[in-house]
Amino acid sequence: MGKVVKAVAAVGLVAAITVASGGIAGAFFAAGSIGFAVTTAVSAAVLSAAASVAFKALGLTAKIGPPSTTNATPTVYRQSVAASNIVYGKRRVGGLLTFFHARKIGNDHYRYFVVSVAGHRVKGVLRWFLGDEEVTVNPTTGAVTSGQYAGAAWLWFDRGADDAVANSTFVTECVGKWTSNHRGRGIAKFYAKFKMTDAAVQAGMPNMTCEIEGKDDILDPRTGVRGYTNNAALVFYDWMALPREEGGFGAYPDEIPDGSWIAAQANICDEQVPLIQGGTEARYTLNGVIVTGANPASVRDTLIVNCAGTFATIGGQFMMRPGYWVPPSATLVEDDLVGPIRVSAFTAGNEIATEIVGTYIEPTALYQSADFKSQAQPSADIRQMDLDLAFVTSRSRATRIGRIMLRRALAEKTVAWPMNVVGLKVQAMDTVQLATARYGLSNYTFTVTSWKPTPDFGFVLALREESPEIYDWDPSEAPALPPHVPIARTEPMPNIYPDGTPIGELRPAESGATKAVNGTNLIKMSLFERISGFWGIGYNPGGIVTGAPFAHDFKGKRLFSFTFNSPGSFASNNNYVASIIHPTTTLRFEVPLSGRLFFGFRPQTGGATMSAVLRFYGASGAPLPTQLEVTVPNGVDFVGDPANWPRYGGFIDLPSGAVRGEVEWYAYPVGAGSGLITICEPMVCPVSAGTTEWPIFVPGPNATDGADVTGENTALNSLNLGGRTAAEVNYELNAIGSNGVLDKGEKRAVKDRYNDTIAAYIAAYNRSLELNVAGAERDQAAIAISALNFYLGGLSPGWQDTGQDTPLDPNDWNSIWDTAFTRVAQLQAALAPPPGLQNAADSTNFSSFNSTSYAVVSTINMFIGPDTKTLRLVLGLNYQFTTPQASSSTPRFYVDAVVPGQGVVQLTGELVGSTTTRTGPDGEGQFADVAGALNAALNAANITLPLASYQQVTFRLYARKDAGVGTIALSQSRFRVAAR
């Protein structure tokens, strides 16, 4: 379309000069998201909608969509006719397969490939990938020197220079199929050659990709030099000026602003933004791939979004400004008004957002899409928007852009300001202030989103609230990422098992604590180990807890062991309890709806007696009165045949209303000195009514965990790897390496275990940074994972090479995996809230009172920590006077909290009760309406939520009476604390 025709079309679609605010137009986001601030995005929205309508009217549809994180995975593809790519910044890319040739030389077979990466010259290649494995390449010979294709593959990169020559190897070996005339000048590409060895054939043809630095002829007006850059402003204007036939926007030279404007925006993009982990990053860069043929307006809008920018056509020029604060350049006064102003304090409900979520491209995940840290404003009505940042390759930058978009959405105030001819001196994207006392508008700054002439030669300015706080950035809001970990990818999953059974016909194991089937143990052992792994005996005060290996070989026997040192006997030191991580956490399991249960275990007791209590709980969480207690004397030992080891237990009929059960273990030292308690094969399983014969131990679905929870193995049992504990995985890997050979048939299992470990590590690492806790454990885990990667990378043949066996040292193999599992497990344990952490807690016990002095009548113990943002108190008290009393006997109450290390905080003022008996439904007594948030009281005591670490806080209800004779009894009352 000619320039004049194009200009007329634009005027026909939009009669006003309008700003397109980056990240706001509905076309920028995924379908189904809620657009906001539509008034600032009219140009993009209307042009896109109009183009869509016009295409449909002509029977046409857009063939290529805009860049998106949903199609970011690089690959090699084949098409008879294909659009080329434009690559800006640093990205991992595949490309179009433009040449293939197969040839036999002697007894060897070879395959030759040419893959076109971009339709222009690029700066060069940084890294190579075959499949998802990074490989090293000899820069002189092109030979691949690492990975499973080492010695059988060659890779060469051609930048696509104007003087490029044909690859000499291909010219020589492809016998006329690729000649010296096949130079591909102006096309970036790579050549690949494979020798079809047995290992290469078995491994299969990999997806060939590389990490490159893209277009390298971008003009920087600050220096007048063309070269490589990923500066967002320079990339934007390079693409805008690129001719349409080359995949650009096709702007004419006089539609591009002068160099001073572009230079100013480029300086903003180059500003360094601090990061929480130290160092800085550029404010805005663009790193991505544009497919030529994509809708130009959609590509333009995508680039604007990816630097949080705003856009306007002013004086026939395309003006783009990346997201930053621009101070006011004008003050608008009431004397220039030619009509009434119109103010909207809130945007329409379908134009707002209270939460921004989205994706970006993560380089450490092989340039796959990843979620950035969501940004949200607490609200009862959640309006979510999905942000697609296809040109952002930094999680902190993506989070920062999301924060800007949220703050823009929350700046809802808009003003229509009708002016006389003075309005000519104001243009779109200017920041202005209003000199008026009306509506408090002088307290705000505004950006001009549109400038529109009126029939009476005036102008109406559309203003949107603007603020420097929109662009503020606290470095602590930038979530760092763990060190780069090359993630091994598993081979395609087969659709049958080795015995020929189709995978789809097998029922997967249930997660969590499995329900009993045909007498199978109710307790899923890995869950027992992970939740309840016996970290020692809790002693208060002064006890010393130690962990030690156990003499017997209990692999496969489900052993749980702990040792202790006792200063005296139970008679004089009644304060020991087998703590199962902490005293209120127990082994939990699901129960059948009805019937009879057996509970049993094989114990060893040295220096202590032991008891185990089986309890049941109803749907409300309240304990049921029925329970089974099993006691074990001191001196029981494992002797002889394991099948004949002593067994303790009993039967119990399941009480009505039970939905879950718990087992809690207690140890009672018989004297001073060290002691040992061991529990083997604990089980709870259903039996037939009237059964008295003890069942045989039958493990749950994870039958090979072989857990001996002693020493550091306790930490292993807290780590969940793909639904299995690390102890289970560690046992498997130790068995694999025990013969000094990693068999090619075993490598798939090792790959699976490796992937599970890395996934657990990355999740824990990010969580540690998000909460800003467990720094020491995080560093130790990073060292262990780096050591694991270094060790595996040094094995030869490669540990992922399924075509041949790999020799190894069993001791080194076991040690490196043990350390990696243990350190990641310790990081997870440091992050985990204490078992038994509650979102809410209720008191079920209330004391009577008859004193005129305050005393504690009810207590709640509850953990709060990094996830606790708000505490809420609910108090409903029903009471009665047990003997006649004077009318002045008024009951009075208040609530306080004991925060470890920070003291006592009074949470309420004095609550004055009635002088007569107060009765009512359970929990709905007097003061039920005083429920409220407790944060203000905590803040007044310099205790700010969330806490840095988990703490058990004690909440106490106090009561007293004024005078009179008699006791006041509390019943059917409610004392509750809830955390959010």
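Colleague: Which residues does Thr954 touch, not counting residues up to four places away in sequence?
Modeller: This is a predicted model, where local features need pLDDT of at least 70, side-chain atom pairs count only at pLDDT 80 or more, and totals for chains, interfaces and linings use all residues. Residues are numbered from 1 along each chain as its sequence is written, and side-chain values use heavy atoms, with hydrogens and water left out. Contact means heavy atoms within 4.5 Å. With those up to four places away left out, Thr954 touches Thr859, Ile860, Asn861, Asp896, Ala897 and Val898.

Colleague: Which side chain forms a polar contact of 2.8 Å with that of Thr954?
Modeller: Thr954 sits in strand β53, residues 951–961. Strands are DSSP runs of E, at least two residues, and helices are runs of H or I, at least four, numbered from the N terminus. A polar contact pairs N or O atoms within 3.5 Å; within protein, one must be able to donate a hydrogen and the other to accept it, and residues adjacent in sequence count only if both atoms are side-chain atoms. The partner at 2.8 Å is Asn861.

Colleague: How many residues of helix α7 are buried?
Modeller: Buried means under 20% relative accessible area, with a 1.4 Å probe and protein chains only. Among the buried residues are Pro296, Arg300 and Asp301. Helix α7 spans residues 296–305 and is mostly covered. Of its ten residues, the buried count is nine.

Colleague: Which residue caps the N-terminal end of α7?
Modeller: Look at the backbone nitrogen of Ala297. A side-chain oxygen lies 2.9 Å from that nitrogen, and it belongs to Asn295.

Methods:
Buried means under 20% relative accessible area, exposed over 50%, partly exposed in between (1.4 Å probe, protein chains only).
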